[in-house]
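These are my notes from going through one chain. I wrote down what I looked up, in the order I looked.

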Amino acid sequence: MIEKVKAACAFLRERLPSSSESAVILGSGLGAFADSLEERTVIPYEQIPNWPRSTAPGHGGRLVQGKLGDRRLLVMQGRVHYYEGYPMEQVVFPVRVLGELGVKNLVITNASGGVDAALSPGDVVVVEDHINFMGANPLRGPDTPEWNDRFPDMTRCYDPEFSAAFEKAAMEERISVRRGVYFAFSGPSFETPAEIRMARMLGAAVVGMSTVPEAITANAMGLRVCALSCVANAAAGMTENVLSGQEVLDEMAKTSEKLIRLLKRFFKEMR
Ligand code: HPA
């Protein structure tokens, strides 16, 4: 895997105008942020050696480098999920590449179901911790001491200073955000009402099918990680509604503008 990651890095170093300190992964229906950057270099995933292709609806498949103020960001417009059938090491291949390219800060975004009854579609949750219920860990497999410890600490997986900075940025943009625990299921079926009751009892605010493998890997590699979860729907069994992937994408199209403002303000003020 290390050789495959290095091949992708060599390819990208030739094509990207410069390095990036910060990267963003854009979740379902949230790709518009990448299009709002200046002086973009766009590289379709299929051109990058060994890079997995997203098959999920609402996920573009491009790596975009672009300027926001005087900062050059690397943005993943679309990701792959465990439910698409990729082994975990493929799911986190892009994060390995970002780490190897020297990225120091990673902001992960996702669409989620609200488990806490106080959350509504359109709300944004700053992820303060997670519960990995996917049944798999991306670091399982041969030890990779070049990249990370065998047993990485997870007590500060989501950087508290970044979370505070997002809350400040949200206040300045008059966007209400709250902190919460993200509970990851593997999908692709949505959860049952009983599973949602379990997640709530265990302290979850939101549920989803992504983010956790990327956060574990990036944290293990020493990146500072922050995750923003955009609530697309009330989780299963909380309303009379049945859930659909289309509903998630429709809701994210509405939330996208808010997320863009939040990300822009955050990066403007980030030190
Ligand atoms: N469950 C899991 N993932 C999701 C949901 C949900 O309700 N909504 C958006 N992504």
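I took buried as under 20% relative accessible area, exposed as over 50%, and partly exposed as in between, with a 1.4 Å probe and protein chains only. Helices (H or I, at least four residues) and strands (E, at least two) are DSSP runs, numbered from the N terminus. This is a predicted model, where local features need pLDDT of at least 70, side-chain atom pairs count only at pLDDT 80 or more, and totals for chains, interfaces and linings use all residues. Residues are numbered from 1 along each chain as its sequence is written, and side-chain values use heavy atoms, with hydrogens and water left out.

Entry: helix α1. I looked up which residues of α1 are buried, and found I2, V5, A8, C9, F11 and L12. The cover over these buried residues includes β2 (38-44), β3 (62-68) and α4 (93-100). Helix α1 runs over residues 2-15, and its 14 residues reach 20 Å from first C-alpha to last, close to the expected 20 Å. The expected span is 1.5 Å times one less than the number of residues.

Entry: whole chain. I noted eight helices and nine strands. The radius of gyration is 17 Å, close to the 18 Å of the globule rule for 271 residues, so the chain is as compact as a globular protein of that length. That radius is taken over C-alpha atoms, and the rule is 2.2 Å times the number of residues to the power 0.38. The C-alpha trace spans about 50 × 40 × 35 Å along its principal axes. Of the 271 residues, 54% count as buried. With contact meaning heavy atoms within 4.5 Å, I looked at contacts between residues at least 6 apart in sequence; 81% of them join residues at least 24 apart.

Entry: R40. I placed R40 in strand β2, where R40 is partly exposed at 42% relative accessible area. Leaving out residues up to four places away in sequence, R40 touches A34, D35, V64, Q65 and G66. R40 and L74 are 34 residues apart in sequence and 9.8 Å apart C-alpha to C-alpha.

Entry: backbone in loops. Which residues other than glycine did I note with a positive phi? N50, in the loop between β2 and β3, has phi near 70° and counts as partly exposed at 35% relative accessibility. R174, in the loop between α5 (160-172) and β7, has phi of about 55° and counts as exposed at 79%. I also found a cis peptide bond joining G187 and P188, with omega about 5°. P188 sits in the loop between β7 (177-184) and α6 (193-201).
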